[in-house]
Amino acid sequence: MALALLLGVTAAACGEGGKEEESSYVATSEVCDSVFQGASARAVDSVMDSKSFSRINSGISDRVAASLKKGYASGRSWTYPEEFCELNPEGTGGIGHNADIDFSIYAPSDIDGGQTAAGEQIYAMGKEAKASPRGARLYFECVSPQLKGSTVSPARIFGSLRLERDLWEDSVQHREANLTIIHTVSLAMAKELECENNGNLPSSPIFKEIQSTDKS
């Protein structure tokens, strides 16, 4: 009887082939194609108030790169966002605490010349970079052998981090953490696409603020 119980417990603890069942959650360093390491992982932990995330949609950089290449080749001035990953912290029930990271091709008019919304700050990075209590945005251009014609007309790439309401926080530290997150994934995408000079993105985020022309 005791042996049967022991075997039952062992079987429940192990998956196919005698291996332990894979956890539904992973550490920060393993989400989003393991793009977040060191300072950027700490930025995610700070913004999300968690160090454990659902492994669902945890990394699709090749699919996003393919979507951007297809969008650029279409000749359209902009494309719909393609999700890079979703940050879904453990223990929150997926309500109010999620964050989405997307990429798309942006239209030239999307660069608005320094106008900002309430709580938003502009930074000296890429073609335009903005961070707010609600997330961050980073626009950059890419010249790449993967993008035919980009030497004449660079691909306009837009990375976006959007936080659900329960994660909003109005502070310098929070904005800079948001900016760190979007810089990290944007740099990774620039490398995935083989953008010349990494799309002119720096190796580390730049927190130099630029005076806005409008506050609404």
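Trainee: Which residues form a negative surface patch?

Mentor: Asp-33, Asp-62, Glu-192 and Glu-194 form it. Patch members have over 30% relative accessible area and no salt bridge, and like charges are joined within 9 Å. A salt bridge means a side-chain nitrogen of Lys or Arg within 4 Å of a carboxyl oxygen of Asp or Glu. Asp and Glu count as negative. This is a predicted model, where local features need pLDDT of at least 70 and side-chain atom pairs count only at pLDDT 80 or more, while totals for chains, interfaces and linings use all residues. Residues are numbered from 1 along each chain as its sequence is written, and side-chain values use heavy atoms, without hydrogens and water.

Trainee: Why is Glu-192 called partly exposed?

Mentor: Its relative accessibility is 34%. Buried means under 20%, exposed over 50%, and partly exposed lies in between (1.4 Å probe, protein chains only). Therefore Glu-192 counts as partly exposed. Glu-192 sits in helix α4 (residues 172–192).

Trainee: What makes helix α2 mostly covered?

Mentor: Seven of the 10 residues in α2 (residues 39–48) are buried. Among them are Ser-40, Val-44 and Met-48. The cover includes β2 (52–54), β3 (82–87), β4 (99–105), β9 (155–163) and α4. Helices here are DSSP runs of H or I, at least four residues; strands are E runs of at least two.

Trainee: What follows α2?

Mentor: Asp-49, with a positive phi of about 55°. Ser-50 lies in the loop between α2 and β2.

Trainee: Why is Ser-50 called buried?

Mentor: Its relative accessible area is 12%, so Ser-50 is buried. Beyond neighbours within four places in sequence, Ser-50 contacts Thr-28, Asp-45, Pro-89 and Glu-90. Contact means heavy atoms within 4.5 Å.

Note on methods. Patch = residues over 30% accessible without salt bridge, like charges linked within 9 Å, V, L, I, M, F, W, Y side chains within 5 Å. Areas by Shrake-Rupley, 256 points an atom, 1.4 Å probe, with all protein chains shown as cover. Charge placed at Lys NZ, Arg CZ, Asp CG, Glu CD.
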